[in-house]
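I am opening my notebook on a new structure today. Come along and look with me.

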Amino acid sequence: MMKSFTLNLRTTLFFGIDAIHSFEKIAKYIVTQDLSPLLIITGKSSYKKCGAWNVVKEILESYEIEYAHYDGVSSNPTIEMVQTAFEFGRGIGAKSVLGIGGGSVIDVSKATAVLIANKDISARELYLKRPQVNPAVPIFAINTTHGTGTEVDRFAVATIPEERAKISIAYDSIYPTFSIDDPSLTTKLPRDQTIYVTIDALSHALESMTSKYSNPFTVNLATQASHRIFENLPKALDHPEDVEVRYWLLYASMIAGITLDNSRAHLAHALEHPISAVKPEVPHGLGLALLLPVVIEKAYEAFPDVLSVALRPIANDLRGLPEEGKKARKALEEWISSLGLDKRLSDLGFCEEDVDELVRIALKTMKYLIGMAPFEVSDDMLKRMYIEIL
Ligand SMILES: [Fe+2]
């Protein structure tokens, strides 16, 4: 497999236990580069509960950095949240943006940083028209979950409710300039979120290693990521405060972020986004947990060698033969259900009559990711996949 590929590694990442104290380096950078006022974006409370805020606030004060705080982000963030954060940032004359939170917060921070540098564009125009833009103002990210990998990539997802679209922008200028991944900030994550965010990371790993853009570098990283997840997610559920377990889950989600950035996702993400676009209360990772086994069964035909190695910790009898797709699917389904996840799409409020609409949304808004699948995709195949998880 001697494919040519481009590596996207542009963020300086401070990774490890107590990496939060490296915020001092970010503060120095803000001062020397004249990047205040700083717009801080968070959710309602997790930025405090995780322990990040005390450290950040003290450092900001000791460096006399001017800042203002927008705390209106929730999961599956809407375009309205991006617009409001931008207007708030514009009001204070923000010159840089700091997101403290999980993927939703960091994604809103990235999109806001683009708008601050392009004041005549609205959030809706940015997502729906994909205009040429000036580079975003500098972004700093303190990541508090082990899921999206957005702290090291150039994507930012938002939902546009009236379009039933949950879509991504991608710009080189929205790689955070600096990010912090500190496992000790993740030990307070509730059980259900621990599962959902980790399934997201697993999905990034398994999809990117089997996408049209997969390459030896991403296969290697994604294999490591999936092995760490299979080993450590059950441990995290038994021992949520075990920082070593969280270290490996965070490491896995971060490297899966790099593989997502370089090799993309495909059908599990393409089919999940319509679900949480229609019902924003459905966690991204929950929709993925339903779809991933079905998608992996199909992808196995194209990548039996790669997937048999990646799935080894949960299915050591896979030999890397194309006909083992069903076995791979079953192993993944059993592992997911052993975590206590046994919901179906119908439990999330969908019925058979909704499937055509989900397929329509996927075809309209997720064309790019559908095209990343390592096999020919028909409308009928998408429909069947939804029906299988009903
Ligand atoms: Fe994802």
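**Overall size**

I began with the overall shape: a compact globule of 390 residues would have a radius of gyration near 21 Å, and the chain, at 20 Å, agrees with that. The radius is taken over C-alpha atoms, and the globule rule is 2.2 Å times the number of residues to the power 0.38.

A note on what I am reading: this is a predicted model, in which local features need pLDDT of at least 70 and side-chain atom pairs count only at pLDDT 80 or more, while totals for chains, interfaces and linings use all residues. Residues are numbered from 1 along each chain as its sequence is written.

I looked up the box next, and along the principal axes the C-alpha atoms fill roughly 60 × 45 × 40 Å. I found 16 helices and 8 strands in the chain; these are DSSP runs numbered from the N terminus, helices being H or I of at least four residues and strands E of at least two.

**Domains**

I read off domain 1 (12-185) and domain 2 (191-388), with bounds from an automatic or database domain assignment. Their centres, taken over C-alpha atoms, are 26 Å apart. The contact between them uses 23 residues of domain 1 and 28 residues of domain 2; two residues are in contact if their C-beta atoms, placed from the backbone, lie within 7 Å. On the side of domain 1 that touches domain 2, strand 7 (residues 165-170) gives the most, with 3 residues.

**Cores**

I then asked which residues touch the most other members of the largest nonpolar core. They are Ala 225, Leu 271, Leu 291, Leu 292, Ile 296, Leu 307 and Ala 328, in a core of 75 residues. Such a core is a set of buried Ala, Val, Leu, Ile, Met, Phe, Trp, Tyr and Cys residues joined through C-beta atoms within 7 Å. Buried means that 20 or more other C-beta atoms lie within 10 Å of a residue's own, with C-beta atoms placed from the backbone.

I also noted a second, separate core of 54 residues, with Leu 35, Ile 139, Ile 167 and Ile 174 among them. Over the whole chain, 54% of the 390 residues are buried.

**Helix 9**

My last stop was helix 9 (residues 243-263), whose 21 residues reach 29 Å from first C-alpha to last, close to the 30 Å expected at 1.5 Å a residue. The expected span is 1.5 Å times one less than the number of residues. Helix 9 has 18 of its 21 residues buried, so it is largely enclosed by the rest of the structure. Just after helix 9, I saw Arg 264 with a positive phi of about 65°.

How values were computed. A residue is buried if 20 or more other C-beta atoms lie within 10 Å of its own, exposed if 12 or fewer, and partly exposed in between; C-beta atoms are placed from the backbone.
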